[in-house]
Structures are given as structure tokens and as C-alpha cells.
Amino acid sequence: MKRHIFAIALLLLLGAPAFAEPEPGSISGVVNDESGAALPGAAVNASGPGGAHMATTGADGRFTLSGLPAGNYRVTADIMGFRAQTQTVTVSATSAASLTFGLGIALRGEEVVVSASKSESSIVDAPATLSVVSSEQILSSPAQNMGDLLRSVPGVNIIQTSARDINITARQGTSTLSSSQLALLDGRSIYLDFFGLIVWELVPNNPADIKQIEVVRGPASAVWGANALTGVVNIITKSPRENPGGYLALSGGMFDRDLGSTAGDDAGTNYGAQFGYSGAPNDKLSYRLTAGYFESDAFARPTGVVPVGTHPLDPSFKTGGAAYPNFENDGTTQPKVDLRVDRETGGGGTFGFSGGYMGTRGIIHTGIGPFNLQDGAYMGYGRVGYRKGAFKTAAFANYFDGEAPNLLSVDAKTGKPLVLGFTTGTYDFEIGNSNLVGGRHVLTYGGNVRRNTFELTIAPAAEDRTEIGAYFQEEFFVDKFRLTAGMRVDKFGNIHDPVFSPRVTAMFKPSQSHSFRVSYNKAFRSPSAINNYLDVVTVTGQLPLGLINPVFGSRVYNVTTRSAGSELPQLGEPSGHDLKEEALTAYEIGYTGTFNGRTTVGLAFYINDTDDNINFVTDTCRSRYSAQNPPPGWTSALAPLPPAVSLGVIEVLAARGTCLPAEFTYLNLGSVRNKGIEASIDHAFNREVSAYANYSWQGEPEPDDVTTYPYAELSLAPEHRFNAGVNFNNERFVVNANVNYASEAFWTDVLGPNYNGPTDAYTMVNASFGLKWNQGKIVTSIKGTNLLNQEIQQHNFGDFIMRNIVGEVRFTF
């Protein structure tokens with residue numbers, strides 16, 4: 001795939017026509033900002049007798065629309081971060097028309113977003129609650145990774161459990177191996193269907209290449225399909241014309257780890273490098289090449305015993321008491337390279353070609369213990385797309401390959417660590433369009449077909465599957481009211497019936513810059529290949545027989561347990577069981593408003609009802625060994641005791657109420673309700689100084705029936721989260737300071753109840769300070785997270801996140 005992309009790029013480069021002067025029957029011009037500086041990458045759309053035509057400005061801000069029939073045209077120039085501007089011009093067959101645009105910076109609330117509906121709208125008009133992290137915020141932030149960067153978004157729960165392992169979820173508790181948040185890069189899914197997870201470091205682009213990150217807080221399956229259960233994170237990169245020239249950034253730093261498993265050790269180190277170059281040989285062709293590398297030592301692990309306590313919602317359920325396992329922790333290495341080539345057509349469309357490679361190494365925590373991704377694990381991708389106005393079509397392929405031994409679980413068949421080996425492919429074709437009808441109706445529609453292939457050592461029977469979906473949405477607006485209604489239908493190979501995801505949003509706009517909305521949404525998550533086909537037998541414990549009767553002495557029995565996916569025959573049953581899609585129904589009341597073009601205020605109250613939660617159930621008594629079904633090896637000639645005595649041991653344990661687990665599996669649990677409130681304010685004092693603050697309250701989860709959704713399976717997210725920050729950026733300095741507060745939380749998603757437990761509330765103070773040299777072409781900065789050096793665990797089984805100080809120098813050329 002990558003060879004094909006590079007070959008296409010070379011052919012386009014050799015065959016691209018040279019820039020020509022405007023001809024009669026054309027519109028040419030320049031798009032600048034208010035200071036007169038050119039704006040490369042701006043979209044210029046003209047509508048008139050010749051229909052719709054589109055062009056993109058070059059590095060000098062210039063554009064040309066040619067081959068236009070004579071007549072009057074409305075021409076609009078637009079680029080993210082600026083206010084769109086429209087002019088009217090007359091085109092004749094004998095002369096060329098010329099225009100000059102001067103775009104002002106978009107006022108608060110006017111930022112253009114695409115993730116809410118797969119069509120462009122402002123934040124105020126979006127039918128979903130949405131936050132935007134701008135390119136300026138990204139470059140000035142002290143963030144060390146994607147989790148740090150998004151932690152300040154209201155309603156978003158983020159945990160980091162190792163040097164590389166990050167999980168993100170909106171509006172409900174985040175877990176290890178979080179599977180309910182969809183992530184996209186320029187519309188290409190980076191969600192890994194084989195395990196239902198996102199490996200965030202597999203984003204191939206550097207921070208300097210990102211235009212903005214849009215975070216949809218709430219279900220979004222109505223347009224994005226499966227796995228957008230709690231929301232969407234859409235990373236949108238700059239086009240090559242928007243970021244001409246090159247950059248080189250070098251960084252290095254240290255972090256504290258004088259506690260836990262690394263007490264007495266030297267500080268940990270990390271370092272990285274980023275390179276990018278964008279060029280445009282002519283008015284049709286542009287390209288961007290980026291590469292990067294990051295490496296970090298391992299963080300400190302907790303030691304000692306998990307605190308003994310009870311579940312906050314069920315005092316009768318005992319938790320904790322297990323010793324934190326002693327395994328060799330690991331850091332991470334993350335190389336990446338990416339190429340993008342854009343080819344504009346004469347009719348206003350743009351072909352885009354991209355391909356990349358991203359590698360990773362390090363710990364990934366799961367419910368059955370940590371796996372260690374080995375050197376050589378990587379994702380490769382290729383994408384080709386075409387866009388003209390609102391019409392777009394694209395095809396992409398993701399290929400993920402690697403190996404990861406489990407650091408705790410022992411394969412009962414080999415006596416060695418359980419090894420997850422995976423080779424997976426995702427192949428997707430998508431098409432979509434949006435039309436304005438009658439001046440009051442915006443119709444958005446499209447669909448996709450996807451094929452997933454799986455080769456998994458811990459799920460050898462996993463079947464490849466095909467997914468197909470289509471969506472339609474109408475936005476109707478009249479006077480001060482807007483109504484959005486949409487529906488998507490998906491059919492998955494591993495789900496019996498089609499799944500319908502409706503959306504309805506009613507909006508009242510008393511003025512252009514204020515909106516009140518009431519919405520209803522449904523979304524779903526499909527069972528992953530592991531959910532359906534997991535098939536391993538592991539040693540889950542050892543039974544010292546002397547504890548049953550001293551006469552047995554030091555003899556020990558191994559207890560092995562099978563973990564089986566839903567599609568496989570279960571213990572004592574001829575077949576598996578149906579595993580339905582996990583569903584979420586959301587109700588929301590929200591407000592978004594801007595004041596004086598400088599201040600944006602957001603308020604939201606939501607209720608999320610989750611049904612059929614897909615959960616790996618480790619209830620030791622659900623499927624247990626008995627005298628009629630003894631554990632493997634207990635009645636063999638090599639067993640420590642004679643067969644009859646072994647069977648008697650099982651009966652004694654049963655009489656004492658002790659269960660020996662024979663099988664774990666994935667089940668659909670019952671219904672649970674999450675509800676919360678989010679409040680945010682963003683203010684721009686001037687072009688150099690801005691600030692924000694937000695607060696999120698999340699109530700305790702409320703199961704409908706504890707017999708179908710027991711408290712033991714419920715983690716509790718922090719009830720209170722508060723974020724605040726200030727950003728200063730002028731010709732000489734770039735400064736950012738922010739604080740993140742999260743109250744205590746409780747975790748039940750790793751191993752068994754004796755590993756369940758709380759985490760303390762924490763406050764992270766973060767800051768960066770940079771100096772610009774040589775007219776901003778060189779920036780030296782120092783960035784720090786957790787400056788107060790609190791002993792922060794964001795998950796009770798996770799590593800300590802301590803003070804991390806990094807120095808960086810960035811060259812722009």
C-alpha cells in the first residue's frame with residue numbers, strides 16, 4: 001500500500017501543470033488576514049451560472065478559478081480559525097475578474113467544526129456538545145501526550161497507566177482498555193476493532209501539523225456509526241498549503257520516580273525529535289512529509305498491598321488486599337513517518353493521498369493483566385480521497401501487527417507467559433455529501449463499507465467480518481429555530497439484526513450567537529473479535545493443600561481457568577451465547593453562547609442510559625469446577641493426591657463456599673444510568689491573551705437492577721473535575737499555565753475484587769514558557785507537568801505520574 005501511495009505522489013509531481021496567468025472567463029485573487037499576511041490553504045468557493053467551483057490558495061495566498069461562463073458569481077473565502085467572507089463579482093468572456101479578501105480571526109463560537117454532523121457548522125449551530133482544541137493551544141501546551149492535551153476538555157475522563165498507555169472516555173468512568181470512544185484522524189478511524197481499543201500514539205502526525213482537535217461529548221453513532229458510544233475525538237490536520245515550509249523540533253527531559261518500584265533510582269528520562277516539510281511546486285500540487293521519534297523510560301509502579309476496603313456503592317462487597325504484582329515495568333519507543341500529497345483538479349476538487357508508519361512499544365493494561373507490546377509492533381496505513389465542496393469520498397486501509405506477552409497470566413498449555421500475537425487489517429470505503437435545499441434545509445447523507453480481518457493467537461477462531469452502514473440527516477432552520485433529525489443504520493457480520501441510531505436536536509436561537517438545545521441520541525458499540533472469540537486457558541492461582549488439611553503438607557494444586565468468547569461453546573453447553581451490541585440512549589439540555597465575540601459559555605446537563613454493557617465477567621462462582629467436572633490434571637496419575645482425595649478436596653471447598661472458577665466469559669450486563677453537568681467559559685482578552693475554566697460533575701452510576709448489573713462491575717469516575725488555564729502568545733514569548741483537578745475515584749476493571757480499589761483526588765499544575773528568536777523562526781521552551789510533584793495515580797493499578805520537565809528547541813524554515 002505504501003509503495004503505491006509514493007508512486008502516485010511521484011506521478012502527480014512529474015505530471016502537474018505549471019502555474020499560468022488567469023485567462024478570460026476566470027476569477028483570480030488573494031486571501032489575506034487583516035494584517036495583510038497571506039493565508040495559504042484557504043478554500044475559495046464560487047457559485048453562479050457555471051455551477052459550483054472551488055479552489056485552494058497557494059503558499060502566497062493566491063487562487064484562480066478558470067473556465068467560468070459569463071455572469072454574476074458569489075465568491076466565499078473560508079479557512080478554519082477565521083471568519084468567512086463573501087464577495088460578488090461579474091465574470092465576462094473577454095477579461096479576468098480579480099478579488100482581494102481580508103479575513104478576520106473568527107470570533108468565539110464561530111469556529112468551523114465538522115465532527116458534529118459530518119458537515120461544516122459553527123460551534124453555536126452544532127447539534128451536539130462539542131469542544132475544540134486549536135493549533136495555538138496545541139503548540140503552546142505543556143502536554144507530553146494526547147491525554148495531557150485533552151485532559152482540560154470538560155466532561156472527558158482520562159487516565160494514564162504507563163509511559164504509553166492512555167485511555168479516554170467522555171461522560172462515564174474510563175477503564176483500562178476503554179472501548180466506547182471513537183477516534184479519527186482526518187475522518188480515518190484509528191479504532192482497533194479486534195480488541196476495541198485506541199492506541200493513541202499511532203497518530204502519525206506531529207503537533208505542528210494539527211489544525212484542531214474536535215471532541216464530541218456524547219453519542220455520535222447517528223453519523224459516525226459503531227463505537228462512537230460516548231463520543232468522538234476527531235484530529236484534523238493542516239493541508240500542506242496551510243503550513244508551508246519546514247520545522248525541526250528537538251526535546252529532552254527528566255521525570256521523578258523516586259518511589260514505589262523505582263525508589264532510590266535516578267530520575268527517568270525522555271527525549272524526542274519531530275521533523276516536517278510542506279511544499280507546493282505549482283498551483284495544483286502540494287505535499288507534506290513528517291517524521292518523529294519519542295522514547296521514555298518506565299514510570300514508577302505501586303508496591304505493597306492494594307488498600308483493603310469495600311465498594312462505595314455496596315459496603316458488603318470487600319475489595320483490595322492483594323499485593324501489587326512485581327513485574328518488570330517498561331517505557332516506550334514511538335517512531336513514525338507520514339506522507340501526504342494533495343492534487344487539485346481544474347473543476348475545484350482535490351485528490352488527497354496519504355500513507356504512514358507508526359511504531360510503538362510498552363505496557364498496555366487490560367482486565368486480565370498487563371501486556372507488554374514488543375519492539376516492532378506497528379501500524380501502517382494508506383488513504384486516498386477526493387473532495388469537491390461538500391461532496392467527499394475516500395478509501396483507507398489500516399494494518400496493525402505486533403506481539404505482546406502478558407506479564408502476569410501464564411498459559412496453562414505451555415507454562416509460559418500468555419502471548420497476544422495479532423495481525424489485523426481494516427479496509428474502508430466511504431462516500432458522503434451535503435446539500436442546501438430551498439434555502440432552509442441542509443441534507444447530509446452517505447455511507448461506508450468496511451472489512452476487518454483478524455489473525456489473533458488468543459482468539460484463533462476469530463472470523464473476518466464485513467460492516468456496512470448508511471446515514472441521512474436533515475437540518476431545518478426558520479427564523480430562530482433549528483431542527484436536526486437523522487438516522488444511521490448499520491449491519492455487522494457479528495450482530496444478527498441491523499442497528500438503528502437515531503438523533504433529534506431542537507434548537508432555539510434568540511440571536512445569532514446564542515443557542516439553546518434539547519437533544520435525544522442513540523449509539524452503540526459492536527462486540528470486538530476478542531469479545532466473540534477469546535479462547536485461552538491460564539493458570540489463575542495455586543491452592544496450597546495444607547490450608548485444607550495440614551496432613552497434605554506443602555502440596556500445591558494449580559487452578560486453571562478457561563476464558564472464552566461468546567461465540568465459542570461454553571462449559572457444559574453445546575454452543576456459545578448471543579452477545580448483543582452495547583447501546584447508549586442519551587438525553588441532553590444544553591446552551592452555547594458568545595458575548596462580544598470574545599467569550600464563549602457552555603452549559604450542559606445529560607442523562608446517559610447504557611444497556612447490555614459488554615463486560616468480561618470473572619465471577620468465580622458463575623461457572624465453577626465440581627467433583628463431576630474437576631480441574632484439568634487433578635485426577636491424573638501425576639497429581640499430588642490420589643483422584644478420590646482430589647475430588648474430596650473440591651467437595652470440601654464447595655462446602656466452605658469457596659469456588660474454583662472453571663470459565664470466564666463476556667456477557668451483556670443490565671442497564672445503568674450516568675448523569676452529569678458541564679459548565680465552561682473561554683475568553684479572549686485580546687489576540688495575545690486567552691483563558692478558560694470548566695467544571696464537570698458526574699453522578700454515581702445507577703444500575704437499574706443489581707442482579708443483572710452488580711455493583712462489583714461498576715467503577716466510579718471522579719465526581720468533580722475542574723480545569724483552568726491561561727495562554728499568552730506574542731512576538732517574543734509563548735506562555736501557558738493550567739491546572740487539572742479530579743476528585744477520588746474507584747476502579748473494578750482489573751483482575752479480581754482483591755485488586756479493586758480507590759485512587760485519591762489529585763491536582764496537576766502544568767506550565768510552559770517559550771522564547772522566540774530570529775523573528776519567531778527559533779523557539780526555545782521549557783514544559784512541565786505535575787510541577788508540584790504529587791504522587792498521582794490516575795488508576796489504582798496504574799503507574800505513578802510524577803513531575804516531568806522537558807526542554808524543547810524548535811526551528812522553522
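Is E582 buried or exposed? Select E582 and take a look: at 4% relative accessibility, this residue counts as buried (buried is under 20% relative accessible area, exposed over 50%, partly exposed in between, with a 1.4 Å probe and protein chains only).

Before moving on, some ground rules. This is a predicted model, where local features need pLDDT of at least 70 and side-chain atom pairs count only at pLDDT 80 or more, while totals for chains, interfaces and linings use all residues. Residues are numbered from 1 along each chain as its sequence is written, and side-chain values use heavy atoms, with hydrogens and water left out.

**Stop 1: salt bridges**

Helices (H or I, at least four residues) and strands (E, at least two) are DSSP runs, numbered from the N terminus. R525 is buried too, with a relative accessible area of 4%.

Next, pick R164 and E201. Their closest N and O atoms are 2.6 Å apart in another salt bridge. Here loops are joined: R164 is in the one between strand 11 and strand 12 (166-170), and E201 in the one between strand 16 (197-198) and strand 17 (210-217), 37 residues apart. Both R164 and E201 are buried.

Now try E467 and R465, a salt bridge with closest N and O atoms 3.3 Å apart. E467 counts as buried because its relative accessibility is 6%, and R465 does so at 5%.

The whole structure holds 29 salt bridges.

**Stop 2: cavities**

Rolling a probe the size of a water molecule over the atoms shows where empty space is left. On a 1 Å grid over the protein atoms alone, a cavity is a set of points where a 1.4 Å probe fits but cannot get out, and lining residues have an atom within 4 Å of a point. Grid points are joined across faces, edges and corners, and a volume is the space filled by probe spheres set on the points.

There are 6 cavities of 30 Å³ or more.

Go to I158, P718, R721, A742 and Y762, the closest to its centre among 24 lining residues. Strand 11 gives the most to this lining, with 4 residues.

**Stop 3**

Finish with an open sheet of 3 strands, in the order 4-1-7 with mixed pairing. Strand 4 (62-65) and strand 7 (97-103) stand at the edges, each with a single partner strand, so one side of each has no neighbour in the sheet. Strand 1 (residues 27-33) and strand 7 pair in the parallel sense over 7 bridges (two strands pair if DSSP finds at least two bridges between them). Select N32 to see one end of a bridge: its partner in strand 7 is G102.

Note on methods: 1 Å grid on protein atoms, 1.4 Å probe; cavity = no way out; pocket = protein on both sides within 12 Å on 5 of 7 lines; lining within 4 Å. Salt bridge = Lys/Arg side-chain N within 4 Å of Asp/Glu carboxyl O.
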